[in-house]
Amino acid sequence: MKREHTNRIRFVLEDVLPAFLHDSPLFRHAASLVWGRHINELAAFRERAPFLSEAEYEDLYRNHPRVHEGTDNSEACIAAICADVVGRSVCDIGCGTGYLLSRIRDARPGLARLTGVDFAIDDADALEGIEYVAARIENLPFADNEFDTVVCTHVIEHVLDYRKAISELRRIARRRVIIVVPREREYRYTFNPHFNFFPYTHSFLRAMQPVPQAHACRDIQRDIYYCETLDGVGTPRMVAAE
């Protein structure tokens, strides 16, 4: 299924269906007809978020059904990412199969280095010219300012300590950070293992504090697209104090 299709489904589930019904046993029963007991496991996963072990976290993600074909990104988000990439080195944090990196490589053939990072890379496609590194976003094994552009799509919503994750993205970036998260509300029963929910663009900007002057944050088909420009040494260009 493509992201564009699931975004239409999300509109009905999140914006049309009343919250009291979405959180009800009736919805849980209907959802279980699609995903069985996994819908209950997802609810329990979020409830126990602060107490999960590394093994429990990894086990759920390894067993979670893949909903989208190749990438969680829409074509509109991919186009925006490819247009906003700067420099000659790109690191995609939460690269999954490596699909997004392959699209960036095709759109920007002059890139010298393409690196994909995920906590589990056993399902990544072995694509020529792309290196893969197994790591957690909260502790990335790279030097400060190592990559011109750092991309992170559909990851921050999964990370309990998302401020630490954002700090790491900024640490390893030299010129640009690009982040995509779903624009969604939290409900008890959902089809995803998300911890963090951002219903508006300004909700996500609160997570990005301090927000630099050179930034863009907009809604792209129910996804929040965020892009910030650094000063060339990894420091965000900040808004001047009044």
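A salt bridge is a side-chain nitrogen of Lys or Arg within 4 Å of a carboxyl oxygen of Asp or Glu. Arg 10, Glu 14, Asp 15, Arg 185 and Arg 222 are linked in a network of such bridges. This is a predicted model, in which local features need pLDDT of at least 70 and side-chain atom pairs count only at pLDDT 80 or more, while totals for chains, interfaces and linings use all residues. Residues are numbered from 1 along each chain as its sequence is written, and side-chain values use heavy atoms, with hydrogens and water left out.

Arg 10 and Glu 14 are four residues apart in helix α1 (residues 3-16), so about one helical turn separates them. Helices (H or I, at least four residues) and strands (E, at least two) are DSSP runs, numbered from the N terminus. Both Arg 10 and Glu 14 are buried. Buried means under 20% relative accessible area, exposed means over 50%, and partly exposed lies in between (1.4 Å probe, protein chains only).

Next comes a bridge between Arg 185 and Asp 15, whose side chains meet at 3.1 Å, N to O. Arg 185 sits in the loop between β5 and α9 and Asp 15 in helix α1, so this pair ties together parts that are 170 residues apart in sequence. Arg 185 is partly exposed because its relative accessibility is 31%. Asp 15, at 34%, is partly exposed too.

The loop between β5 and α9 also holds Arg 188. The side chain of Arg 188 meets that of Glu 47 in a salt bridge of 2.8 Å, N to O. Glu 47 belongs to helix α4, and the two residues are 141 residues apart. Arg 188 has 43% relative accessibility, so it counts as partly exposed. Glu 47 is partly exposed as well, at 48%. In total, the structure holds 18 salt bridges.

Now turn to the rings. A pair of aromatic rings is described by the distance of the centres and the angle of the planes. Rings of Phe, Tyr and Trp (its six-membered ring) pair if their centres lie within 6.5 Å; planes under 30 degrees apart count as stacked, over 60 as edge-to-face and the rest as tilted. The structure holds 10 aromatic pairs. Trp 35 and Phe 191 form an edge-to-face pair, 5.3 Å centre to centre with 80° between the planes. Trp 35 lies in helix α3 (residues 25-35), and Phe 191 lies in the loop between β5 (173-182) and α9 (201-207), so the pair ties together parts 156 residues apart in sequence. Phe 191 is partly exposed, with a relative accessible area of 26%.

The pair of Phe 45 and Tyr 57 is tilted, because the centres are 6.1 Å apart and the planes stand at 40°. Phe 45 is in helix α4 (residues 38-47) and Tyr 57 in helix α5 (residues 54-63), 12 residues apart. Phe 45 is buried at 5% relative accessibility. Tyr 57 is buried at 12%. Ring pairs link Phe 45, Tyr 57, Phe 119 and Phe 195 into a cluster.

Strand β7 (residues 223-229) contains Thr 229. Thr 229 counts as buried because its relative accessibility is 16%. The side chain of Thr 229 makes a polar contact with the side chain of Arg 176, at 2.9 Å. A polar contact is a pair of N or O atoms within 3.5 Å; within protein, one must be able to donate a hydrogen and the other to accept it, and residues adjacent in sequence count only if both atoms are side-chain atoms.

Last, the cysteines. A disulfide is a pair of cysteine sulfur atoms within 2.5 Å. A search of the whole structure finds zero disulfides. For Cys 217, the nearest cysteine sulfur is that of Cys 227, 10 Å away. Cys 217 is partly exposed at 21%, whereas Cys 227 is buried at 7%.
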